[in-house]
Amino acid sequence: MKIIDPSILQKAKTWTEAPFDEKTRTEVSMLLKDNLRELEDAFYRDLEFGTGGLRGIMGPGTNRMNRYTVAMATQGLANYLIKSYPGEQIKAAIAYDCRNNNTVFAQVTADVLTANGIYVYLFDDLRPTPELSFAIRKLGCQSGIVVTASHNPKEYSGYKVYWNDGAQLVAPHDHNVIREVQAISNLADVNMEGNPALQEIIGMDIDTAYIQQMADGSLSPDSVARHAQMKIVYTPIHGTGVHLVPMALHAFGFKNIIHVPEQDVVSGDFPTVHSPNPEEPAALTLALAKAEETRASLVMATDPDSDRVGIAVRNRQGEMELLNGNQTAAILIYYLLHQWKENGLLSGKEYIVKTIVTTELLKDIAEDHGVHIFNTLTGFKYIAEIIRLNEGKMKFIGGGEESYGYLIGDQVRDKDAVASCCFIAEAAAWAMDQGMSLYELLMHIYKRYGLYLERLLSITRKGKEGAEEIQAMMTRFRVNPPLILNGSQVVRMVDYHTDMDRDMLHGSIQSTGLPKSDVLQFFTAAGDTITIRPSGTEPKIKFYFGVKGAIGANEDPETVIHRLDDHIALIRKDMGLD
């Protein structure tokens, strides 16, 4: 029989009594009787309110997503908003995706906010996360919340908090909100009796404004008009893009949107996929089959809250080929900058933003077009912060990260798969005018700038033991860094947690110049980059590998890709990751 800490048992027993509802009491009582391992994971800690909010498995317990952990987090947020805006009528917008219980969590959030005198705009149905960001700015809100677990499996839900610029929380607000949430020790500290007079339902008017600002940014309307019948397969993977993405594509002028009926069904159970993540090939299986059936040239799939998009295009053999996030980012940024230049829009004060784990190819593209580039830590909130800091001084064109998230323009301050779908389709139409497919456009980019290849290795370790194992792996690489990788010396090590950028050859150390984060990077003499970071939203540790190879005059890019993949495999072996 499993033995667990008595304090965990005592904490769990309080959830079998009032004020917890009868269903919760029964579920916890069953765990106490039959499943102490699950009980320990549900109660061994409080669900962490991180810098982006909450995310966790749904169920009863202090380490779970449920109406009580949501209410306590919302009370902490309300307390901080009231302190930050004394004497003002504070306003907040709330959206939610398709996940099970999310309408409940959204209403609990609204009730706690209105109980604290905060005016709430609540969407009438599920909506994309980027539309929540847009709504905050459009409605003049001080804050916003979207109830989502993004692309996590079906057992998860989450809760992301935004500030008045429409971006996720950054310093000092992130840590200040965390302190306020941690100060809520029990339900007695929470005002849960909502005030209906302070709640307003919003919907179609925001949809129309959101899509219109997108369409106003079109860079190649004539190309779209010429290729309006281009066959595009789109799937929302059961999520919030089901209405908004087709509406936006039609607003751009695309008329032949092919649906995947099984995945147009809105469901938090995600019945057709194991995981609703467009980064995983299996999630696009049905869409790819539909593309073969219809001979479509482009497939696009968005995750449940429509902030990430995965695509597939036809290669030179006419087969559908999935592109990774770096490849899609390269196509988008090249298209945007080329058209800004072609349309005479570049003044020398424009910029793009990428994260430290995103392909360096974007840097080459930006420099070639005379456009500035900023590098940030992983997380779109840092991209949004760069946009905020440069408002009125420079113009943001676009940005992205390798994990399938991109942003075009600054009306939204988070990754936006709805807009990304529109501009990816527009880039395809423009490429057709140049006599190329999107795949051929990518090969053209590689030949011009060099072939950058990036691969990601994710290792999942669940539960308390898994979290400890992930931290042990970080400690191992931090204390005993690799010195030689595939025959090339490691010349530089960057530890963002300790703010240390070390020259491994000469021993000199300087600051990273970025906020502290549990991330390690290693750079080799051959020009390889290896980044290691625990996920902030999933029980995973991620290893990013970035390498570059030149393409010979008569060499096929696919041959170079295979050679670089072999190179990465040997690096992984030297790191003990095979």
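Trp15 is buried, and Phe43 is buried as well. The model in which these residues sit is predicted. The two rings make an aromatic pair of the edge-to-face kind, with 5.5 Å between centres and 85° between planes. Trp15 belongs to the loop between α1 (6–14) and α2 (22–34), while Phe43 belongs to helix α3 (residues 36–43), so placed that the pair links parts of the chain 28 residues apart.

**Aromatic pairs**

- The structure contains 15 aromatic pairs.
- Trp15 and Phe43 also belong to a cluster linked by ring pairs, together with Phe20 and Tyr68.
- Tyr80 and Trp163 form another pair, with ring centres 5.6 Å apart and planes at 40°.
- That pair is classed as tilted because an angle of 40° falls between the limits of 30 degrees for stacked and 60 for edge-to-face.
- Tyr80 is in helix α4 (residues 67–84) and Trp163 is in strand β5 (residues 156–163), so their pair ties together parts 83 residues apart in sequence.
- Tyr80 has a relative accessible area of 9% and is buried, because the limit for that class is under 20%.
- Trp163 also counts as buried, at 7% relative accessibility.

**Charges over rings**

- Arg476 places its charged end over the ring of Phe477, at 4.4 Å from the ring centre.
- Arg492 lies over the face of Phe523, and here the distance to the ring centre is 4.4 Å.

**Packing of α4 and α5**

- Two packed helices are described by the angle between their axes and the distance between the axes.
- The axes of α4 and helix α5 (residues 102–115) come within 9 Å of each other and cross at roughly 35°.
- The crossing of α4 and α5 is right-handed.
- On the α4 side, the contact is made by Arg67, Val70, Ala71, Thr74, Gln75 and Ala78.
- On the α5 side, the contact is made by Val104, Phe105, Val108, Thr109, Val112 and Leu113.
- By type, the residues of this contact are eight nonpolar, three polar and one charged.

**Backbone exceptions**

- Most residues other than glycine have a negative phi, and most peptide bonds are trans.
- The peptide bond between Ala18 and Pro19 is cis, with omega about 15°.
- Pro19 is located in the loop between α1 and α2, and Trp15 is in that loop too.
- Pro172 is in the loop between β5 and α7 (173–182).
- Asn101, a residue other than glycine, has a positive phi near 75°.
- Asn101 sits in the loop between β2 (91–96) and α5 and counts as partly exposed at 40% relative accessibility.
- Ser306 is not a glycine either, yet its phi is positive, at about 60°.
- Ser306 is part of the loop between β9 (298–302) and β10 (309–314).
- Ser306 counts as buried, with 0% relative accessibility.

- Asp124 is in the loop between β3 (119–123) and α6 (129–138).
- The relative accessible area of Asp124 is 45%, so Asp124 is partly exposed.
- Asp124 and Gly203 are 79 residues apart along the chain, and their C-alpha atoms are separated by 5.7 Å.
- Neighbours within four places in sequence aside, Asp124 is in contact with Tyr96, Ile201, Ile202 and Gly203.
- Ala215 lies in helix α8 (residues 204–215).
- Thr378 occupies the loop between β13 (372–376) and α14 (380–389).
- Thr378 lies 9.2 Å from Ser517, C-alpha to C-alpha, and the two are 139 residues apart in sequence.
- Not counting residues up to four places away in sequence, Thr378 touches Thr355, Ile356, Val357, Glu401 and Arg533.

How values were computed: Residues numbered from 1 in each chain as written. Predicted model: local features only at pLDDT ≥ 70, side-chain atom pairs only at ≥ 80, totals over all residues. Heavy atoms only, no water. Phe/Tyr/Trp six-rings, centres within 6.5 Å; stacked < 30°, edge-to-face > 60°. Helix = DSSP H or I, 4+ residues; strand = E, 2+ residues; numbered from the N terminus. Buried < 20%, exposed > 50% of the residue type's maximum accessible area, 1.4 Å probe, protein only. Lys NZ or Arg CZ within 6 Å of the ring centre and 35° of its normal. Axes fitted to C-alpha atoms, helices over the stretch in contact; angles between N-to-C directions. Left-handed = near helix turned anticlockwise from the far one by under 90°. Contact = heavy atoms within 4.5 Å. Nonpolar A, V, L, I, M, F, W, Y, C, P; charged D, E, K, R; others polar.
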